[in-house]
Amino acid sequence: MLFRSDVSLVVFDHPGTEEADKTPETAQRIREAEARYIPFVLRSFLEQSDQWGAVRVLPDPDPTAELLLTGTVVEATGLHLEVQLSVRDATGRIWLDQNYTASSEASDFTRSSGAAPLFASLYRQISADLGALGTALTDADVDQVRQVSWLRYANALADRKSTRLNSSH
């Protein structure tokens, strides 16, 4: 069955170093930008696959997400990208927990603006792997994921309403 789930991608973590104080501020900013940029590129590949519902990039994990994707930039050098990805659904089932790597060539930086983004093979592989896992689910699995997600969402709404009522008294 095609599982047209909503996907929540969390801005990736970037590796901290023990020598963070010695790391130039520019390098830290580049790492932070990569950690935000990579999920947005992945989002576009997931959307282009037309296998998913809404695909969002969020600053923090969403406990109500049908499918939650978190990641860490293990290495990003311009010529090499390695990310560690963890994907779980609302029931807590782990779909994926693995590293993905891709390399580029110096000539890739002189391509036209309409060319595929650097490391496109990495994003395509992640999209293909998730798509294969999603299509392998049974109807009962899909229903369970959606039901748990909706129950968590309803619980979150009830908690907010309860907090507002309690604070007004």
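Modeller: Helices H1 and H2 cross in a right-handed way; a crossing is right-handed if the near helix is turned clockwise from the far one by less than a right angle, and left-handed if anticlockwise. Please keep in mind that this is a predicted model, where local features need pLDDT of at least 70, side-chain atom pairs count only at pLDDT 80 or more, and totals for chains, interfaces and linings use all residues. Residues are numbered from 1 along each chain as its sequence is written, and side-chain values use heavy atoms, with hydrogens and water left out.

The angle between H1 and H2 is about 55°, and their axes are 9 Å apart (axes are lines fitted to C-alpha atoms over the stretch in contact, and angles run from 0 to 180 degrees between N-to-C directions). H1 and H2 are therefore oblique to each other (under 35 degrees is roughly parallel, over 145 roughly antiparallel, 65 to 115 roughly perpendicular, and the rest oblique).

Phe 45 is buried at 10% relative accessibility, and Tyr 123 is buried at 3% (buried is under 20% relative accessible area, exposed over 50%, partly exposed in between, with a 1.4 Å probe and protein chains only).

Note on methods: Helices (H or I, at least four residues) and strands (E, at least two) are DSSP runs, numbered from the N terminus.
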